[in-house]
Structure formats: structure tokens, C-alpha cells
Amino acid sequence: MAEPLSPSASSSFKQNFDLVTPEFEEDPKLLWGVPVPPFVSDKVVSWVEENFPSPSPPQPIEFRGLNVLKKIENVRMIDRYNSKNPTVGVLYLTATHLIFVDPDANKETWVLYMHIAGVEKLPLSTTGSPLLIRCKTFLSITFVIPKERECHDVYTTLMKLYQPVNIKNLYCFQYTTATKDLPKSAGWDYFKLENEFRRMRAPNDQWAPCVLNQNYELCDTYPQQLYVPVEASTAMLLGSSRFRSKGRLPVLTYLHSNRASICRCSQPLSGFSARCLEDEQMLEAIRRTNSNCGFMYVVDTRPRINAMANRAAGKGYENEANYENIKFQFLGIENIHTMRTSLQKVIECCEQKSPTMNSFLGALESSGWLKHIRSILDTSSFIANAVDKGISVVVHCSDGWDRTAQVCSLAALMLDPYYRTIKGFQALIEKDWLAFGHKFSDRCGHIQNDPKEVSPVFTQLLDCTWQLMQQRNDAFEFNERFLLILHDHVMSCQFGTFVGNCEKDRLDLRLAEKTFSLWGFMSNHLNEYINPLYRPEMDETIRPNLAPQCIKFWRGMYSRFESGIHPREPLDDLLIASKDHSTSLDDHVQLLTRRINSFKNMISKSAKRLQGNKYVDNRGIEVNDNRYNYDKRLSELSCADDDHPLKTSNFSFSNLATTEYNENNVDVAAVTDEINSVAIDWKPLRSVPNCPSCSIPFDQITKKNHCWKCGEVFCSRCIDKTAALPGHESGNPVPVCRNCFREVQQVSP
């Protein structure tokens with residue numbers, strides 16, 4: 001057995017090793033970029049360089065400005081509706097996207113890594129290794145990669161990239177916009193919680209702001225700004241917070257015009273017999289804020305059996321004997337695990353290869369999804385009807401951040417028409433979901449975490465909103481595309497708005513400084529979200545019909561990537577195009593009317609100048625004959641001296657009219673530009689299969705946009721400019737394509 005080196009031996013060994021270790025000069029010779037020891041002669045270095053040239057490093061591959069990590073050719077993309085004729089193309093892996101390019105159809109399929117819900121390697125086939133990718137946007141796509149090794153590399157790469165371990169590795173922290181129209185600060189200051197409560201006329205003589213949560217000491221998942229009854233003392237607030245799960249005590253979330261309110265909290269830690277006097281006093285103080293009614297509802301959104309089961313864990317529900325003047329209601333919305341399983345069954349239902357009517361409807365029924373949507377709407381409708389009648393409601397589920405957020409926001413949506421506008425719906429999400437602590441990062445699976453925490457809670461909110469829109473489309477300012485964009489960007493993490501589980505998380509991550517806001521992005525695309533059937537005067541409470549026949553399957557969400565089942569053009573897009581076309585023509589007519597009036601004034605002045613002597617006809621009546629005056633003037637002009645100011649080689653009365661036209665400061669060329677700057681005829685949407693600029697084929701998802709100058713149809717990426725057209729009286733900037741933008745701005749291409 002070798003003995004360990006003594007310190008002196010170790011030092012000696014180091015000295016001897018230093019003797020053979022080459023010491024480089026300050027600027028050593030380089031061979032292929034590597035330093036060469038000084039004992040290697042220059043001749044040897046020169047001989048190696050001459051006979052063995054330096055291998056050139058591989059050139060980096062780029063695709064549309066993105067660095068490509070891996071490129072695989074001859075990849076097949078299988079459409080489950082057309083599996084016999086797969087699409088063959090090139091697969092690119094970048095730092096943020098997986099991109100499949102079909103060169104024959106000139107079609108690109110982009111998959112954001114953050115949108116991926118799962119990756120699965122399927123059994124080997126004769127054509128290669130299949131890789132199934134399921135997305136949170138309900139896109140299901142299969143790639144067949146020729147070599148198994150390459151398929152494994154793609155699989156391992158995707159597994160590392162689609163769900164980061166650290167929240168600071170999310171896409172929003174690396175995302176930068178390609179345009180300068182969106183500063184990073186845009187959107188972060190659009191909504192202030194105190195401004196929203198001020199709109200609801202709080203604080204007032206019954207409700208006051210609470211300062212106990214300024215440092216998130218009372219409840220770290222609540223916002224800093226809380227509104228509680230004026231009668232609530234500090235001891236009452238602290239005691240109620242300790243008695244409620246996660247410290248989420250009852251606080252105000254919506255105040256109606258009739259003084260009835262909606263308050264939210266979590267379940268009490270009552271167990272089988274525990275009680276809290278402060279919590280009882282807190283609920284009584286909330287009831288007394290509304291003098292119009294002698295009682296109040298406490299709505300537990302869970303099934304009664306679930307609430308009873310929680311008692312064994314020291315939680316549960318309020319004991320009716322301890323709370324006076326309160327009526328308790330259990331309304332049966334299932335938990336997050338049931339909802340997750342239900343959505344998975346919906347996905348399987350939509351992924352059937354050859355669905356029949358029976359198989360599709362049977363699978364949809366067995367998923368229970370529509371039943372869950374109806375139960376959420378039913379609970380929300382109960383709360384809205386109670387508040388509309390002047391009865392205050394306190395709502396809770398288990399922890400008060402899932403089902404409670406759903407029903408509180410939907411009840412407010414039914415009651416208040418402001419929340420049915422684009423700005424109001426965003427404010428509703430900011431208040432009931434972001435400020436009051438819905439766990440977006442956990443529920444949407446933004447980072448690697450317990451998969452049992454993932455659940456489609458926010459997706460259900462959007463589905464319920466869509467159900468209301470189907471019954472009262474004229475009551476909503478926004479359209480279906482608005483909901484889809486909102487859903488996709490909650491999942492994408494492209495913007496920092498929905499990153500984190502509560503307000504405190506977002507402040508700690510400094511998202512407002514480091515990331516872009518979704519609201520800022522959407523403010524630049526408001527024209528895409530407008531509902532043309534919206535009537536602002538429809539300000540009454542929405543009372544949905546919850547009969548089973550009225551609850552619909554949202555094809556536009558869960559089956560939106562399936563070809564052949566959607567209308568060629570959505571009705572909203574056709575109506576908006578017709579409305580925009582009419583607006584453009586009306587604006588153009590106003591300018592032409594003004595020009596015609598100026599022409600009439602000019603002609604009137606010219607006529608007065610041309611009017612001369614009158615003559616008497618055979619009846620003895622004086623007649624002013626323009627033809628007679630015209631001939632007389634020409635005769636006088638021909639007899640005049642050569643130096644007469646009007647006697648020139650190019651004289652004509654038309655030139656005289658043009659001269660007078662110019663005297664009125666009107667440029668003939670400018671008038672021509674005005675007339676030609678507005679497209680009178682717009683190309684029909686259905687006759688344009690591809691974008692004429694980038695050749696991207698249109699599908700049921702891609703919005704078609706008209707250029708107001710040339711009337712052609714483009715995709716949203718190719719019509720990202722606006723300009724004021726000379727032919728419009730208003731001078732408002734309107735959408736134009738890039739070529740027309742350069743023409744209007746007189747910029748050479």
C-alpha cells in the first residue's frame with residue numbers, strides 16, 4: 001500500500017512538476033487558436049499550419065432571426081385526419097420554439113416550449129421514431145423523425161426546456177419585442193386596486209381600508225390593500241385571520257350599487273367543534289354593512305360531503321349555531337383534481353381518430369366537463385341574484401383561491417356591465433385573480449412542481465364567460481379571440497403578468513421591471529378583440545339560462561386546431577370587415593363632399609367673371625347666354641394686340657379655370673392622391689387563401705386584415721403599420737400594409 005506523501009515530499013513533487021510544466025510568454029504563439037509551448041519551434045508550427053489547415057468552425061444556423069440549436073430534415077408531421085398523406089419538412093429547435101417548416105405548402109408550425117404540456121415517445125414505426133407533443137393550447141401534434149437517435153435528442157431537449165426548474169428561467173425574463181412600439185413599462189400601471197374599489201365607491205361610511213397587510217403580515221397571499229367593515233377592530237381582524245385557512249380572512253371584493261356586497265375568504269379551521277368569537281363578530285360586521293337586509297348568505301362552493309371530510313383535518317365549515325342571521329349554502333363545485341381529470345377526458349374525446357356521433361357525445365358526457373361548467377355558472381348565478389336583491393354574500397371554498405375566484409368574478413361579471421368591457425374584464429382579472437392570489441404558476445404548470453397542483457381553473461373561467469357571451473353577445477365588448485389570446489398567454493409566460501402565485505411573489509420577482517405586461521401588448525391590438533354586436537346601453541344584470549340544452553361545447557377552444565370543422569371566416573371577422581369598410585368609405589365621402597363644395601364655389605366665381613353683356617331676344621327679354629359671352633370674349637381676344645396679357649400660345653378657358661383653381665390653394669395632384677389613397681373595393685375574405693406578402697396560408701386561427709389603402713388582405717404580422725390616408729377627412733391613422741405605408745410616408749423601399 002502506497003504511503004501518503006509527506007508535506008516536504010509534496011512540496012518537492014510540486015517543484016519538480018513545475019519544472020516540466022511549460023510557462024507561456026505574455027503573447028504565446030497560437031496554433032488553431034490554442035497556445036503553443038515555447039519549446040515548439042516556429043518551423044514546426046508553420047509546417048503544421050501549411051499541411052493541416054485549421055478546421056473552420058460550423059456556421060451558426062438561423063431561422064427568422066432565431067439561433068437554431070438543432071436542425072433535422074425529412075421529418076414527417078402527421079395529421080390525425082390525414083395520416084396517409086403526412087407532411088414532410090424540416091424541424092428546427094431554437095432556444096424558445098420548436099418550428100416545423102413545410103416548404104411545399106410554405107407553411108410554418110410554431111410551438112412555444114412553454115405551451116407544451118407533455119412529450120411522449122411512441123413505439124418505433126417503419127418510417128422512423130414518432131414523437132407526440134401535447135400543448136396547453138389543445139394542439140396535439142406528432143412528428144416522425146427518421147433516426148431514433150435524433151428523436152431521443154429532441155425528446156431530452158424538450159424535457160429540459162418546456163418546464164424550467166427555476167421560475168427565473170421562464171420565457172418572460174428573456175423575451176424582447178421586435179418593435180419599439182411596446183415599451184417594457186407599458187401596461188404595468190394600467191390597473192390600481194384602490195382605483196377599482198374607488199370606482200365601486202369604497203371606502204365609505206361602511207367600508208374602510210385595512211393597513212395591517214402592508215407588509216403581507218396578516219396574509220401573504222392577499223394584496224396589500226384590503227377593505228373591511230368600519231366596525232372591524234384590529235383584534236377582530238387578527239383573530240379571524242388565525243381562524244381561517246392560510247390566514248385568508250373575509251374581505252370585500254365587490255360592492256354593488258344597492259350596498260349589497262360580495263366578500264371572499266377561505267374555510268374556517270373549525271374541525272368538529274372549534275369556534276372563534278372574532279370570526280363570528282367579523283361576519284356579523286359584514287352583515288351590518290348592508291342595512292337593506294336582515295340576513296346574509298355564506299356560500300360554500302364545495303359539495304357538502306367534501307366540506308365534512310375536511311373536518312377530520314381540522315378544517316371544515318362554519319357551525320350554523322355559532323353565527324346569527326346567516327344562511328349557509330353548499331353549491332357543489334368539485335375540487336381541482338376532479339377538474340384536471342375531466343379536462344384530460346375532454347382532450348381524449350377531441351383526439352379520437354375517427355369519431356362518430358355516438359363516440360364523441362358519449363366521451364364528452366363521460367368527461368363531465370359541461371356539468372362542471374354548469375355548476376360553476378349555477379353558483380355564480382345564485383350569488384349574483386342574491387346581491388341583485390340586496391343580500392350580501394360571503395364566499396369560500398377550501399383555501400379561497402380557486403373556486404372562490406371563479407364564482408366571485410363571474411357573479412360580478414353578471415352584475416356589473418363595466419366588467420363586460422375589455423378594460424373592465426382585465427380589471428376583474430387583476431382584482432379577483434392576480435391581487436387575491438390565484439396560484440397561476442402552480443395551476444398552469446409554469447415550472448417543475450407537483451403535477452397534482454395543475455388544474456384548469458382559469459380555463460373554466462374563460463369557458464363560463466364564453467357561455468355567457470353565447471346567450472348575450474350584445475352585452476360584451478370583447479369577442480372570442482380576446483378570450484383565446486388571454487388563455488394562451490396565461491400559459492405561454494411570454495409576459496410577466498401571470499407569473500407567480502400571488503401579489504407578493506410578483507413584487508419579489510420584480511416583474512414590472514424585468515418583463516413585459518400582457519395588458520400593454522393587448523392595448524396595441526384592441527381592434528382584433530372588438531365585438532361588432534356590442535351595445536353599451538345593455539347595462540342590466542345578466543341572468544343566464546342554465547338548462548342543459550343551453551350549455552355548449554366550446555369548439556373554438558378545445559378543437560380549434562382541427563381543420564374542416566370551423567367556418568371559413570368567423571362571423572365576427574366578417575362583421576368587423578364590413579364595419580371597417582363602411583367607416584373608410586364614409587370618411588372618404590366626407591372629404592369628397594368638401595372638395596365638391598369647393599369646386600362649386602370655384603365654378604360659381606368663374607361663372608360670374610365670364611358673365612358679360614346681355615342681349616335682347618325677339619320677345620324683348622334680356623338673356624344672359626354663356627355661349628354668346630364665350631364667343632364675344634374670343635372675338636375680342638383675337639382682335640387685341642399681341643401684348644395682351646391673355647393672348648398667349650397656350651391660352652384656353654380650361655387653363656383659366658385651372659389658374660383660378662390654384663389661386664384657391666388647391667393642388668390638382670394632391671386631389672388625385674386623395675382620391676387614389678382609399679380603396680373603394682375591398683377583396684372578399686374568402687377569396688384570399690394566403691397572405692400576399694409572406695405567403696403564409698390562412699387557417700381558422702389566423703385573423704385576416706384589410707389594408708385600407710389597397711384593399712388587399714394580409715395576416716396580422718404583415719399589416720402592423722398604421723397611417724393617416726390623404727383621402728380620409730378625419731385624418732385618423734388606419735391599418736395599411738407595408739408597401740402602402742412606404743407610399744404614404746414617401747419612403748423608398
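Me: Is R259 buried, partly exposed or exposed?
Reply: R259 counts as partly exposed because its relative accessibility is 31%, where buried means under 20% relative accessible area, exposed over 50% and partly exposed in between, with a 1.4 Å probe and protein chains only. This is a predicted model, in which local features need pLDDT of at least 70 and side-chain atom pairs count only at pLDDT 80 or more, while totals for chains, interfaces and linings use all residues. Residues are numbered from 1 along each chain as its sequence is written, and side-chain values use heavy atoms, without hydrogens and water.

Me: Where is R259, and what is its phi?
Reply: R259 is in the loop between β13 and β14 (261-265), and its phi is positive, about 80 degrees, although R259 is not a glycine. Helices (H or I, at least four residues) and strands (E, at least two) are DSSP runs, numbered from the N terminus.

Me: And what about K246?
Reply: K246, also not a glycine, has a positive phi near 60 degrees, and it belongs to the loop between α5 (234-243) and β13 (251-255). Most residues other than glycine have a negative phi, and most peptide bonds are trans.

Me: Which residues does the cis peptide bond join?
Reply: That bond joins A202 and P203, with omega about 10 degrees, and P203 sits in the loop between α4 and β11 (207-210).

Me: Switching to helices, how do α8 and α9 pack?
Reply: Helix α8 (residues 336-350) packs with helix α9 (residues 357-367) at an angle of about 170 degrees, their axes being 8 Å apart; axes are lines fitted to C-alpha atoms over the stretch in contact, and angles run from 0 to 180 degrees between N-to-C directions. The two helices are therefore roughly antiparallel to each other, a label used for angles over 145 degrees.

Me: Which residues meet there?
Reply: From α8 come S342, K345, V346 and C349, which meet F360, A363, L364, S366 and S367 of α9, contact being heavy atoms within 4.5 Å. By class, this contact has five nonpolar, three polar and one charged residues, with Ala, Val, Leu, Ile, Met, Phe, Trp, Tyr, Cys and Pro taken as nonpolar, Asp, Glu, Lys and Arg as charged, and the others, Gly among them, as polar.

Terms used:
Angles under 35 degrees count as roughly parallel, over 145 as roughly antiparallel, 65 to 115 as roughly perpendicular and the rest as oblique.
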